[in-house]
Amino acid sequence: MAALIQAVSAVLWLVAGWAMRDQRRVALHWAAFSALSVLFFLLFVAKPALGEPLGQLMRDASNVSAVLSMVALQRGIWLFVGRPLRNTDHLAAVLIVVLVSWMGPDPSAGPLRVGVICGVLAALSLSIALDLHRHARDTVHMRWPWLLSAAPLIASVVYAGRGLRAGLVAGSVASEMAGDSALNVASAFAYVVLVPSFHATLMALVMMRLVADLRRLSRHDSLTGLLNRRALEDLLAAQVQRSRRYAEPFCVLMLDVDHFKSINDRFGHAVGDQVLRHLSALLLGQVREVDRVGRFGGEEFVVLLPGLALAAALPLAERLRRAIVAGPLAHADAAIALSASIGIAEWGGGREEASRLLVRADAALYEAKRRGRDRVASAGVDPAVA
């Protein structure tokens with residue numbers, strides 16, 4: 001039953017690899033995990049019927065297949081979560097299993113062989129559980145991160161328990177592990193439960209990535225990767241509430257690329273898109289870590305500057321303007337000169353809402369354009385909320 005589940009899973013992950021081109025290597029590793037598990041089960045079942053020395057060879061091959069399956073599983077998880085592959089650790093695990101498998105058919109070597117192989121499998125399973133727990137806690141921010149690591153953690157306990165029993169009760173290898181015993185029946189049922197649990201864990205990883213991507217797309221601009229208008233408006237509303245509570249000043253900076261239409265007309269919209277991405281990178285490189293940058297629409301950007309009054313925000317806005325002028329876009333052995341007009345407004349306190357603050361920043365932006373572009377203009381205090 002476990003082999004059948006893994007065989008079906010291998011086919012499904014191969015199909016997933018064909019469909020998810022950006023995650024093809026991940027899906028192929030997880031298909032290899034399933035296929036090698038099938039090989040382990042088949043070799044293990046075939047061993048008693050083949051006799052020696054072929055049965056011994058099948059036993060050793062099944063042990064190596066079991067470890068390789070866990071290695072493929074962990075490498076696929078590392079690729080999926082963006083962790084670097086540690087080839088040395090996995091190579092050491094495989095070599096240890098190969099070496100203990102060469103100990104031959106001597107019954108006295110059985111406890112050590114089983115104990116070492118189960119120890120390696122327990123260590124791999126525990127390492128996978130820790131990887132999943134860290135990802136759930138630090139990246140996905142799950143409320144109960146242990147849920148994602150439960151299956152490999154249970155597998156680690158099962159492998160460790162079997163390895164300890166082999167070491168402490170030497171006769172258990174021949175009487176329980178190689179025969180029709182209650183331990184083997186329990187292990188078979190454990191495999192049948194754990195195998196789909198592993199795949200449920202992998203599917204949970206994929207689903208959480210999809211949810212995270214959808215959440216990100218709902219709040220970020222697809223072209224530049226900056227916050228979109230909806231996210232900016234939410235942040236501004238939250239900042240207004242925080243500033244009312246703690247009397248914290250803040251400013252909003254509104255920026256518009258000068259003569260952007262002429263850039264599109266002269267070089268094409270593809271180059272215009274490059275300009276927007278280039279400008280986004282420039283802005284992110286100049287602002288503070290606490291500042292928030294977003295694309296408000298078209299060639300217009302908004303920067304939220306928490307904790308800064310107008311007197312402190314004006315030099316930052318001027319630095320942004322100079323950085324844009326000093327950073328033309330390289331294109332076709334030439335450079336496309338860029339400049340921007342910037343309007344800046346400080347929150348007036350009291351009853352002023354975020355929408356009114358944006359209107360004042362926009363008015364300051366158009367004042368900068370009216371005065372010749374490539375400059376910074378600031379908005380005065382709104383008398384309606386002063």
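Helices (H or I, at least four residues) and strands (E, at least two) are DSSP runs, numbered from the N terminus. Axes are lines fitted to C-alpha atoms, for helices over the stretch in contact, with angles running from 0 to 180 degrees between N-to-C directions. This is a predicted model, where local features need pLDDT of at least 70, side-chain atom pairs count only at pLDDT 80 or more, and totals for chains, interfaces and linings use all residues. Residue numbers start from 1 along each chain as its sequence is written, and side-chain values use heavy atoms, leaving out hydrogens and water.

**View A. Helix α10 packs on helix α11.** Here α10 (residues 260-267) meets α11 (residues 269-286) at about 135 degrees, with 7 Å between the axes. That makes the pair oblique (under 35 degrees is roughly parallel, over 145 roughly antiparallel, 65 to 115 roughly perpendicular, and the rest oblique). From α10 come F260, I263, N264 and F267, and from α11 H269, V271, G272, V275 and L276; contact means heavy atoms within 4.5 Å. The tally is six nonpolar, three polar and no charged (Ala, Val, Leu, Ile, Met, Phe, Trp, Tyr, Cys and Pro are nonpolar, Asp, Glu, Lys and Arg charged, the others, Gly among them, polar).

**View B. H259 has a positive phi.** Its value is near 55 degrees. Most residues other than glycine have a negative phi. H259 sits in the loop between β1 (250-257) and α10, and is partly exposed at 49% relative accessibility (buried is under 20% relative accessible area, exposed over 50%, partly exposed in between; 1.4 Å probe, protein chains only).

**View C. R373 has a positive phi too.** For R373, phi is near 65 degrees. The loop here runs between α13 (354-370) and β7 (376-378), and R373 is partly exposed, at 31%.
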